Amino acid sequence: MSAVLISSDGGVLSLTLNRPDRLNACTPEMLAALREALDRAIDDGRVRAVLLTGAGKAFCAGQDLSLRRQDPGAAPLDLSVSLGSNYNPLIRRMRELPKPIVCAVNGVAAGAGANIALACDLVLAARSASFVQAFSKIGLVPDSGGTYFLPRLVGMARAMGLALLGERLSAEDAEHWGLIWKAVDDDALLIEAAELARALASGPTRGYGLLKKALYASPGNLLDAQLDLERDLQRQAGFTEDYREGVAAFLEKRAPQFKGK
Ligand code: T3D
């Protein structure tokens, strides 16, 4: 069985974490499959949005800890190798993908699983789902971008509470705290997430890619630099066929037919 199920329909690339008997805990194979699918999506004009979810009752329990058992007396593990070659490249690819990624968090998202969800552009979660920064419970530091995303999304006080205590945060609190876009009823999750992904897949793909760039650069920029960046990105957006079509459709009072070009 493949650790990630991959399918494509209507411009949406669907990626489903597929180790349901292990709460979709991450293995190097799973992380590589995600990275490779995203790599292929960059230049594939048929893919205009990505939908990420998990099979079974969990979204993802983070690193598969059964691969981290250490015999007494054995040399300690160097986790920088795993982060450097497996997790960090995945998070970078997700943030740099010039197409929107929708995440449907179908159940618990823990450890790196929580932060992989937060690296997506629009996060929907089932009301029964939860987010757990489980790292401190096993003596680790939040990774996969957790220490970057959390303070930016919910502020330092809440980020610190989540990281230190490692408690479950419900999907509804995650929405109220601004950690995610929306909590939805369990049976509506996949329907709403797929509708959202399909709508994005028929949008101005290049404009979306540029706006991702602008927003994700923002926390590291002063206003001056951000204004310059907006100017440069708007230049590129203004050259797209979709911009031409968007303005024409507006003036002709009709729905735009974006081609992602
Ligand atoms: O190592 C590196 O490369 C560095 C990078 C690290 C990144 C990380 O993600 S570190 C953090 C790793 N993840 C965790 O610490 C989470 C561990 N799991 C939990 O805290 C809980 O299981 C959950 C909060 C996710 C869910 O709780 P609950 O009560 O719904 O389920 P459960 O009963 O705890 O788990 C169900 C089964 O899944 C259970 O197995 P069993 O008893 O039925 O055979 C449990 O052991 C297994 N499981 C859950 N999480 C993992 C796991 N097995 C392996 N790895 C897991 N991460």
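In which strand is the place of Leu5? The legends below answer this and then visit other parts of this predicted model.

**View 1**
Leu5 sits in strand β1, which covers residues 4–9. Is Leu5 buried, partly exposed or exposed? With a relative accessibility of 39%, Leu5 counts as partly exposed, because that class lies between the buried limit of 20% and the exposed limit of 50%. Now look for Leu15: along the sequence, Leu5 and Leu15 are ten residues apart. In space, their C-alpha atoms are 5.7 Å from each other. Keep Leu15 in mind, as this residue returns in the lining of the largest cavity.

**View 1**
Arg68 uses its side chain instead, where an N or O atom lies 2.6 Å from an oxygen atom of the ligand. For Ala112, a polar backbone atom is 2.8 Å from a ligand oxygen atom. How much of the ligand does the protein bury? Taken alone, the ligand exposes 1,000 Å², and the protein buries 66% of that.

Across the whole structure, the search finds one cavity of 30 Å³ or more. The largest cavity holds about 50 Å³ of space. Which residues line the largest cavity? The lining consists of Leu15, Leu34, Leu38, Val50, Leu52, Leu90, Met94, Ile101 and Ile116. Sorted by class, that makes nine nonpolar residues, with no polar and no charged ones. Three elements, α1 (28–43), β3 (49–54) and α2, each supply at least two residues of this lining.

**View 2. Leu23 and Ala25, in one loop.**
Leu23 lies in the loop between β2 and α1, and Ala25 is found in the loop between β2 (12–17) and α1 as well. Leu23 is partly exposed, with a relative accessible area of 31%, whereas Ala25 is buried at 6%. Most residues other than glycine have a negative phi. Leu23, however, has a positive phi near 50 degrees. Ala25 and Ser66 are 41 residues apart in sequence, while their C-alpha atoms are 9.5 Å apart in space.

Thr240 has its place in the loop between α9 (223–238) and α10 (241–251). Is Thr240 buried or exposed? Thr240 is buried, with a relative accessible area of 6%. Its side chain reaches the backbone nitrogen of Tyr243 at 3.1 Å. Lys253 lies in the segment after α10. At 78% relative accessibility, Lys253 counts as exposed. Phi of Lys253 is also positive, near 50 degrees, in a residue other than glycine.

Definitions and conventions: Residues numbered from 1 in each chain as written. Predicted model: local features only at pLDDT ≥ 70, side-chain atom pairs only at ≥ 80, totals over all residues. Heavy atoms only, no water. Polar contact = N/O pair within 3.5 Å; in protein donor to acceptor, adjacent residues only side chain to side chain. Areas by Shrake-Rupley, 256 points an atom, 1.4 Å probe, with all protein chains shown as cover. 1 Å grid on protein atoms, 1.4 Å probe; cavity = no way out; pocket = protein on both sides within 12 Å on 5 of 7 lines; lining within 4 Å. Points joined across faces, edges and corners; volume = space filled by probe spheres on them. Helix = DSSP H or I, 4+ residues; strand = E, 2+ residues; numbered from the N terminus. Nonpolar A, V, L, I, M, F, W, Y, C, P; charged D, E, K, R; others polar. Buried < 20%, exposed > 50% of the residue type's maximum accessible area, 1.4 Å probe, protein only.
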